[in-house]
Amino acid sequence: MTTAEIAETATGIAVARRAPLSRWIILRRVALAAYALAFVVACLTWGVPFARELVIAWTCGALACASIGRGTREIVRLVADWAPLFAILVVYDLSRGAADSLGAQVHTTEMIDADRWLFAGQVPTEWLQGHLLDAGQVHWWDVGFALVYSSHFIVPFAVAGILWARNRDWFLGYAKRLVTLSFAGLATYIAFPAVPPWMAAENGSLEGVSRSTAQGWQLIDLHAAQTIEKGQTTVNQVAAMPSLHAAFAALVAIYLWPRVHRAWRPLLVAYTLAMGLTLVATGEHYAIDVLLGWAYAGTVMAGWTWWERRRDSALLAPRSSLLAPRSSNE
């Protein structure tokens, strides 16, 4: 067989091997496009899914579409990786809802005093709502606040989905930090139940403050606003310190920082700051709650990073000793 014939045969084999892969790629793209269309239709019909279980279900559905043609092992891995995360977070949700019934003293004035100390006698929530909130009119910034606040229910799990698709080890590391951060917040809510600004205003501790989180949705989708408000009434109302909304946003930014191109990093910072501003301006949290949430995220991130490096060093140590050259005295 001549060199030309060998090259032609090799080319034919390579094309034959690539053909099934190309068909699977096309099928995956078609499935993802159809899935995206179904998601849009569902949002227009029933509203944006903000419930944690629905967000995870939609995320896993997209990952299942992206796994078409990659064998049953990929689907098994998808279920094995996400089922424990889903179960743990459901337990967290149930525990958080019951945390305010354990009899601990509810704190109201400490956060107000902290904010006044940090901001020269002014409570930022009072100042921001005095300048931005108009109960009779919805402004563009109200829409921005509503979108940023609501992103908390979607972004952490969408990021988890992207990480799982890109690098399973990245996903597992992120999931550990997400769960740890959730339960660190829960432990604090049990030990130190804290009243948010809107509730403090209802009790007379603040003036001119209301819960305006969902106000911006009135220009977009009233159903979405009703869904958020219904969810807010079913969870622990005195789980304000630290702010897990702020903590999750910070965790996303910190974890993605070394894994994304530097051009995306300003957006990570902007998202974290926008979430903090939103929480304070809408009466959901005090500034001290936001700062403490960022501190929790940083602590959890640092703790897991230290542990993983220590574990990796311990795993490499035996290999190093086996490969080390023998002493001349041996």
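Helix α12 (residues 265-281) comprises 17 residues, and its first and last C-alpha atoms lie 24 Å apart, close to the 24 Å expected at 1.5 Å a residue; the expected span is 1.5 Å times one less than the number of residues. The model is predicted: local features need pLDDT of at least 70 and side-chain atom pairs count only at pLDDT 80 or more, whereas totals for chains, interfaces and linings use all residues. Residues are numbered from 1 along each chain as its sequence is written, and side-chain values use heavy atoms, with hydrogens and water left out.

**Overall architecture**
- The protein chain contains 13 helices and 0 strands; helices (H or I, at least four residues) and strands (E, at least two) are DSSP runs, numbered from the N terminus.
- Of the 330 residues in the protein chain, 39% are buried, a term that denotes under 20% relative accessible area, with exposed meaning over 50% and partly exposed in between (1.4 Å probe, protein chains only).
- Among contacts (heavy atoms within 4.5 Å) with a separation of 6 or more, 81% join residues 24 or more positions apart.
- The accessible surface of the protein chain is about 18300 Å², and 65% of this belongs to carbon and sulfur atoms; accessible areas come from the Shrake-Rupley method with a 1.4 Å probe, and for residues only the protein chains shown count as cover.

**Helices α12 and α6**
- The buried residues of α12 include Leu268, Thr272, Met275 and Gly276.
- Gly283, which follows α12, has a positive phi near 80 degrees.
- Helix α6 (residues 140-151) has 12 residues and should span 16 Å at 1.5 Å a residue, which agrees with the 17 Å between its end C-alpha atoms.
- Among the buried residues of α6 are Asp142, Phe145, Tyr149 and Ser151.

**Ser67**
- Ser67 is located in the loop between α2 (52-66) and α3 (72-98).
- Ser67 counts as buried because its relative accessibility is 3%.
- A polar atom of the Ser67 side chain lies 2.8 Å from the backbone oxygen of Leu63.
- Apart from neighbours within four places in sequence, Ser67 contacts Arg28, Glu74, Ile75 and Trp164.

**Nonpolar surface patch**
- Trp117, Leu118, Phe119 and Leu291 together form a nonpolar surface patch with about 450 Å² of accessible area.
- Patches are made of residues with over 30% relative accessible area and no salt bridge, like charges being joined within 9 Å and nonpolar side chains (Val, Leu, Ile, Met, Phe, Trp, Tyr) within 5 Å; a salt bridge is a side-chain nitrogen of Lys or Arg within 4 Å of a carboxyl oxygen of Asp or Glu.
- Phe119 sits in the loop between α4 (109-118) and α5 (124-132), and Phe119 is partly exposed because its relative accessible area is 39%.

Definitions and conventions. A polar contact is a pair of N or O atoms within 3.5 Å; within protein, one must be able to donate a hydrogen and the other to accept it, and residues adjacent in sequence count only if both atoms are side-chain atoms.
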